[in-house]
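Open the model in your viewer and keep the selection panel handy. We will walk through it one stop at a time, picking residues as we go.

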Amino acid sequence: EIGKLLVELSKSQDDEIGDGTTGVVVLAGALLDEAEKLLDKGIHPIRIAQGFEDACEMAVKHLGDIADTVPWSEEKLDALYETAATTLGSKIISRFQKQMSEIAVNAVLSVADLKRKDVNFELIKIEGKVGGRLEDTMLVKGIVLDKEIAHSQMAKEIKDAKIAILTCPFEPPKPKTKHKIDISSAESYKNLYDREQKYFRDMVKKCKDSGATLVLCQWGFDDEATHLLMHHKLPAVRWVGGVEIELLAIATDARIVPRFEELESSKLGTAGLVREISFGTDNDKMVVIEDCPNSKAVTVLIRGGNQMIIDEADRSLHDAMCVTRNLIRDNRIVYGGGAAEVACSLKISEYADSVSGIEQYAVRSFADALEQIPIALAANSGLKPIPTLAAVRKAQIEKKSARLGVDCMQRGTMDMKEQKVFETLIGKQQQMLLATQLVRMILKIDDIIQPSDKF
C-alpha cells in the first residue's frame, strides 16, 4: 500500500512541476526511515508529524532565502538552456544534452505567452519515428503528420499552400437504410458509374474552385477519388487524426469544413511550405507543414534506434520543457548537486536547538533525511557517500555558501554555480512539501487490516 502511495506521490510531482520525481520519492523514503526509528523510540506519531511539518516549513522558507534569480530575456536564453541541461543530465539522452535542451527551450518559447507568463503544452506535439539516430531529433516550427501524400505522383512540395481541412468523407453519400441495387444491363451499370464519377468530379471541382492547393481529409478516399485528385494536380492527405485536424486549424488559420457545400476560399488555411519527407531504406514518409501564420503550434520529431529510446527521449524532453515553463513563471533557482538539501539540513539542525519538547527529535530526523539526497547522488556517481557528504557539509559551514554541492562530474570544484547545475525553486519546494505531506498521512494510519480468505 505504501508503494502505491509513493507512486501517486511521484505522479503528483510530475503533474505539478514535471521534474524532480526521483528526488521526491528518495526524500519520502528517507523520511519514512527516520519516522520508523523515532517510533521505535516510543515517540507518538502525531508528535513526529508535527516535528516534520515544522522542519518542512523552515526548509521551504530557507530555500526562498538562499534562492538566486536568473535574469533571462528573449535575446539572452543561456539561463534557460542551462536549467534544461541540468534536468537532462540524469537521463539516457544526456549525451546530447546541449542539442536536446535547446530543442526543449525553443519549443516552449514558441508557444509561450510571455506577458501572462503562461505556456500551453497542448500546442507542442511530440512525434516519434523509429529509425535514424537520436541526434537527428529536430524541432519543426509547424506540424508533422505521420501520414503520406495519397498518390505517389502528386506534388511532394507545395509552397504558399492553401489548405482545405475536411471532416466529410471523399465519397458518394451512403443511404442509412439497408439497400440493394439490381443491375440488369450494361446501360444501367454505365449510368451508375457515371453518377458516381459525377459525385467525385463535383467534389474535386468544389475543392479546386475554392482555390485550395492541398486537401487534408479526416476520412479516407478510394482509388477513384485519389486518381481524380492526382489528375487535377490537387495533392491530398487522408486519415488525418482529430487532434491533428484541430492543431492544423489553429496553426494555419483554417476553418474545419464538415460539408463540401460549405467549402469556400475564406475557410482555407495557409502555410509557407508543405513537404513530404522520407526516412531510411523502408521509405517511411511524413508530411511536414511549416511557416504557418499562427506558428504557435510546434512539433518535436524524435528519431531513435528503437521505440524504447524514443519513449525515453519523449519523457526526458517533457521534463526539460516543464522546467523551462517553471522558470518562465518564476525565475528563482536553487543550486543542484545536493547543495540546497545540505544547506536546508544545516539550517534545520540549527533550528532544532531552539525547539523544545519531543518535536526536537523529529526536526533533527528531518535534517538527517535531507542528507539522503546528496548521499544518493554521490553513490550514483561512484564516489564514497559519507566522506563526500562530510566534505560538502564542512565546505558549506566554513564558506557560508549554499552553492556548494557534490561534484558528481569530477570537475574539481564543488561550486554548483560554476558547474551551472541548478533547478527551479518552486520544483524543490514542491518536492519537500509533497514528501512531508505524504509521510504525515502515513504516520496517521494506525494499522492496515488485510482482507483474508478466512472469515
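Start by selecting residues 186-209, which are helix 6, together with residues 223-231, which are helix 7, in this predicted model. The axes of these two helices come within 10 Å and cross at roughly 50°. That angle makes helix 6 oblique to helix 7, and helix 6 passes helix 7 in a right-handed crossing.

Now show side chains at the contact. From helix 6, pick Tyr193, Gln197, Phe200, Arg201 and Val204; from helix 7, pick Glu224, Ala225, Leu228 and Leu229. Colour them by class and you will find six nonpolar, one polar and two charged residues in the contact of helix 6 with helix 7.

To see where they meet, display Ile2, Leu6, Leu9, Ser10, Gln13 and Asp14 on helix 1, then Thr21, Val24, Val25, Ala28 and Leu32 on helix 2. By class, this contact of helix 1 with helix 2 holds seven nonpolar, three polar and one charged residues.

The largest pocket has a volume of about 1,400 Å³. Centre your view on Thr86, Thr87, Gly89, Ser90 and Leu377, the closest to its centre of the 47 residues that line the largest pocket.

Which element gives the largest share of the lining of the largest pocket? Highlight helix 9, which supplies six residues. Coloured by class, the lining of the largest pocket divides into twelve nonpolar, 21 polar and 14 charged residues.

For the last stop, turn to the second largest pocket, with a volume of about 370 Å³. Select Pro172, Pro173, Ile181, Leu192 and Glu196, the closest to its centre of the 14 residues that line the second largest pocket. The lining of the second largest pocket divides into eight nonpolar, one polar and five charged residues.

Technical notes
Residues numbered from 1 in each chain as written. Predicted model: local features only at pLDDT ≥ 70, side-chain atom pairs only at ≥ 80, totals over all residues. Heavy atoms only, no water. Contact = heavy atoms within 4.5 Å. Helix = DSSP H or I, 4+ residues; strand = E, 2+ residues; numbered from the N terminus. Nonpolar A, V, L, I, M, F, W, Y, C, P; charged D, E, K, R; others polar. 1 Å grid on protein atoms, 1.4 Å probe; cavity = no way out; pocket = protein on both sides within 12 Å on 5 of 7 lines; lining within 4 Å. Points joined across faces, edges and corners; volume = space filled by probe spheres on them. Axes fitted to C-alpha atoms, helices over the stretch in contact; angles between N-to-C directions. Parallel < 35°, antiparallel > 145°, perpendicular 65-115°, else oblique. Left-handed = near helix turned anticlockwise from the far one by under 90°.
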